[in-house]
Structure formats: C-alpha cells, structure tokens
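Biologist: I would like to learn how to read backbone features in a model. Can we work through some cases together?

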Amino acid sequence: MDGQLLPVLLLLLGASGLWGRGPGPEGALEEPPEEEPPEEEPPEEDGILVLSRQTLGLALREHPALLVEFYAPWCGHCKALAPEYSKAAALLATESAKVRLAKVDGPAEPELAEEFAVTEYPTLKFFRDGNHTHPEEYTGPWEAEGIAEWLRRRVGPSATRLEDEEGARALIDARDVVVIGFFQDLQDKDVATFLALAQDALDVSFGLTNQPQLFQKFGLTKDTVVLFKKYDEGRADFPVDEELGLDQGDLSRFLLTHSMHLVTEFNSQTLAPHRELLAGFREAAPGFRGQVLFVVVDVGANNDHVLQYFGLKAEEAPTLRFINTETTKKYMPADRGPVTATSVAAFCHAVLGGEVKPYHLSQEVPPDWDQRPVKTLVGKNFEQVAFDETKNVFIKFYAPWCTHCKEMAPAWEALAEKYRDHEDIVIAELDATANELEALPVHGFPTLKYFPAGPGRKVIEYKGTRDLETFSKFLDSGGELPAEEPTEVPGAPFPEMPENTTEPKDEL
C-alpha cells in the first residue's frame with residue numbers, strides 16, 4: 001500500500017468505529033498504526049542547544065525567542081565566534097531572559113541549510129514565537145555583550161519608559177549618548193518607528209516618554225526626538241514632522257551624524273606642540289557636520305599602520321589627507337601650507353567639489369620580484385603581469401597584519417611551488433595596503449583574483465576554500481570549480497585588525 005495514503009485510510013477506519021475489531025477487505029485484521037516516536041530533546045553544549053532537522057521544531061515550540069547559528073566545523077570564523085556565542089548564552093541565562101541560543105551544523109544538516117538559504121558560515125537567524133518560515137537575519141555585533149544586547153532589545157523593550165525627571169536624568173547621566181523620544185501619544189505610529197530603530201542602535205541607550213512635565217522640563221511643545229551627549233554642543237533635537245511623521249531613515253542619519261564627535265582623536269592623547277593645529281582643525285569641523293568625519297592621528301603614538309595606509313612618513317606631519325570611505329579613494333592637498341581652519345575648509349570644499357584628483361599608492365618594484373615561486377607585485381608592475389595575454393595569473397591581495405592572510409600563506413607558497421615549472425601559470429601576491437589599483441579596488445583580505453590568459457582583460461574572483469587541493473582544482477579547470485559546500489567569504493566576521501582601529505572586519 002502506498003505509504004502516502006496510509007494516514008487517510010487510518011482516519012476513515014477510526015471514524016467508523018471499526019478499529020481493530022473485524023476483518024479488513026481481505027479478511028485480515030487491520031493492524032493499529034505505528035506510534036510516532038517521541039520527539040527527542042536537543043542536547044546542549046556550553047549552554048547552546050545543538051539542533052538537527054528532527055529537533056528544530058520542538059525547540060521552536062518550547063522557546064518563543066530562539067537565535068540559531070548555522071556553522072561549519074571547518075570554518076575559522078565559526079571557531080572564533082564559538083566562545084563569544086557561549087558567553088552571550090551565559091549572560092542571558094543569568095538574567096533569566098526568555099531567549100535561547102542554538103546552533104546547527106550546516107554541512108551535516110543540508111536540508112536545513114537549504115531551507116533557510118544558508119550560503120556562508122556563520123549565518124545567524126532569529127526565530128520568534130515559533131515562526132518557522134520567516135526568521136529575522138541577525139544584524140548585530142559578533143562579541144558576547146553585543147549579541148546579548150541585540151537579543152535583549154527584541155525580547156524586551158528597546159527603550160526605557162520615563163515617567164519623571166529623576167528617571168530621565170538617571171538615563172541621561174548613565175551613558176555618553178542617550179536618545180529620548182518625546183511623544184504625546186505613545187500609541188502613535190511614530191512611536192513604533194522610533195522603537196524599531198532603537199532595536200538596532202545598540203551603542204546608544206533609548207528612552208521614551210509622554211509626560212507633560214518632561215516636555216516642559218526640556219523646553220519642548222511638540223513630538224521631538226532628542227539626542228543628549230556629554231561632548232560638543234551637548235544636545236541635538238529632531239522635531240517630528242507633523243504632516244509626514246517620523247521617517248526612520250532620516251532619524252537614523254540624524255542620530256549617526258550628531259552622535260559623532262566633531263573631531264575624533266585616533267589616540268587618547270594629543271601632543272602639546274600640536275594643540276594650535278588641533279584648534280584650527282576643530283574650528284573647521286562644524287561647517288562639515290554630516291559630510292566629513294574629522295580624525296586626528298598622532299604619528300608618534302604607534303600608528304605606523306595608519307601612515308602606511310596613506311603612504312605617509314612621520315616626518316611629513318603635520319599634513320592633511322582625505323578619504324572617501326565608500327570608494328577608499330584618497331586625496332592630498334596641492335601644497336604643504338600651514339594647517340589652519342581656512343586651509344582645512346578649503347581642502348574639504350575642493351575634494352567635495354571634485355576639484356582634487358585622488359592619488360594611488362605604489363611601492364617600487366623589487367629587483368628580485370620574480371625570483372621566488374610566489375611573484376611580488378606592486379602597483380607599478382601589476383598591469384604588465386596580471387594582463388599578460390600569454391599567462392594565467394592567480395593573485396593574492398593581502399594585508400601584512402591580516403591573520404587570515406597569514407593562515408593561508410603556506411598553502412599559497414605550496415601552490416606556487418607546485419606550478420613553478422608551468423610556463424603559463426603565475427602565482428603572485430600584492431600588498432593591497434601599500435599598493436592601490438584604481439580599476440580593482442580591494443575591500444577585504446585576503447582577496448583572490450584569477451586573470452586568465454588571452455585578450456579581454458578578464459578577471460575571475462576566487463570564492464572557494466583556501467587550501468592547496470581546491471586551489472589546484474581551480475587552476476586545472478581554467479578558473480572554475482565544481483559546486484561544493486558553502487564556503488567562508490572574505491570579509492566575514494572576526495578577522496583581526498591592526499591595533500587602534502575600529503573596523504569590524506578585514507577591510508580597508
């Protein structure tokens with residue numbers, strides 16, 4: 001009998017009251033249905049539920065808020081996340097928060113990985129109220145407290161309800177940046193917009209009030225979002241448009257702009273001889289609020305990596321450099337005049353107005369650049385080598401401080417040694433922090449690109465596993481790989497950054 005019809009047949013028999021009490025159509029007694037095996041409880045590791053296809057449903061029913069990490073045992077980023085993930089689970093457990101953390105071995109559970117469109121590891125998804133079909137993508141930080149706070153703001157209020165001046169003052173005094181929404185009607189749709197933004201702005205504390213005495217205390221007569229800060233002007237107001245309401249995008253940009261210091265120092269101290277320069281820098285900054293972020297770097301405070309990034313030497317200071325953080329294009333003043341409020345403002349206006357062309361870093365070509373199995377490329381010999389129509393060129397773009405680049409270095413050396421006698425194959429590397437290519441910007445490390453022989457300047461980005469065997473398959477197939485399991489992606493969480501930077505991943 002077709003197994004798919006069995007439940008229907010059993011249902012009809014049960015409804016007619018004939019269950020197991022008489023002969024069936026062929027004169028035989030019908031057997032009772034096999035009972036479904038009881039659902040097994042998922043095991044735990046370090047406070048994390050370990051889920052499979054069989055246990056996911058039970059976990060969703062038992063835990064109305066569930067964060068699930070899809071990981072791969074071989075994934076370096078997953079291994080780096082593991083202790084932070086466990087710490088986050090422990091933090092929430094001590095608070096008796098109604099949320100659990102879980103994990104799924106993606107390669108071992110391919111059906112689940114496919115069902116939830118997991119294409120890279122780690123991938124985290126948040127399930128609420130047992131909803132199996134529409135989990136929320138995790139968008140928070142990758143360290144324990146950040147993970148915990150992201151979840152707190154989803155299972156609890158994302159803003160503190162303020163009833164009196166004492167509560168408001170306590171909230172304002174507790175953090176450097178605090179945002180309070182003053183709304184006369186807490187059921188208004190603008191409040192929902194405000195709370196939705198508060199869910200993800202984890203580095204800022206949020207408050208909410210409808211109390212008339214607090215409107216009066218802070219000099220407000222209509223709905224307004226106020227940012228309080230312990231620096232610069234101390235406060236910035238964002239009135240709610242009475243006709244259009246509160247736009248989340250506009251509010252987000254306002255909060256981002258006004259939570260930044262007018263001038264950010266790259267270190268904790270500013271050398272005394274430079275205070276006069278800093279005064280001029282500060283004087284120019286307010287005119288570019290929301291357009292330019294001003295940063296001061298002390299070249300004498302172990303910031304060599306910053307100097308290298310801009311192609312500078314310490315003796316060139318004081319000087320100015322401008323960077324577009326989206327395109328990574330860099331600009332320098334046309335002359336080395338004094339740094340004053342006037343010269344700083346003029347330089348910014350010139351860059352923003354398109355009057356200054358960007359510059360590109362390049363080291364000198366080493367005399368022995370082609371003597372090792374791995375060829376050394378710089379900006380000045382890149383075009384000649386990469387687009388040689390007689391060669392298939394495989395290039396690693398790296399940063400000297402990048403841990404992932406160091407980890408894959410032995411495999412890259414082994415690859416070059418393996419193909420050193422192949423006249424048509426070149427294995428090379430380029431320090432992308434010291435050499436910039438206008439046509440091929442590099443944003444994450446390591447980045448691997450393949451330049452096949454022939455006309456057309458074709459470029460193929462390598463996205464496979466970083467080991468000798470897979471590299472070899474890629475080269476032997478002319479720049480193609482068979483479909484395989486999802487792989488780590490350059491620029492995924494947890495790369496190591498140079499000291500004193502605030503970037504969250506291996507990016508420029």
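Modeller: Start just after α3, where S96 takes a positive phi of about 55 degrees. Helices (H or I, at least four residues) and strands (E, at least two) are DSSP runs, numbered from the N terminus. This is a predicted model: local features need pLDDT of at least 70, side-chain atom pairs count only at pLDDT 80 or more, and totals for chains, interfaces and linings use all residues. Residues are numbered from 1 along each chain as its sequence is written, and side-chain values use heavy atoms, with hydrogens and water left out.

Biologist: Is D46 buried or exposed?

Modeller: Buried means under 20% relative accessible area, exposed over 50%, partly exposed in between (1.4 Å probe, protein chains only). D46 counts as exposed because its relative accessibility is 65%. D232 also has a positive phi, about 50 degrees. Its relative accessible area is 37%, so D232 is partly exposed.

Biologist: Where is a cis peptide bond?

Modeller: Most peptide bonds are trans. A cis bond joins Y121 and P122, with omega about -5 degrees. P122 lies in the loop between α4 (110-115) and β5. The bond from F445 to P446 is cis too, with omega near -15 degrees.

Biologist: Where does α3 kink?

Modeller: The bend at a residue is the angle between axes fitted to the seven residues ending there and the seven starting there. In α3, a kink of about 35 degrees lies at A82, shortly before P83.
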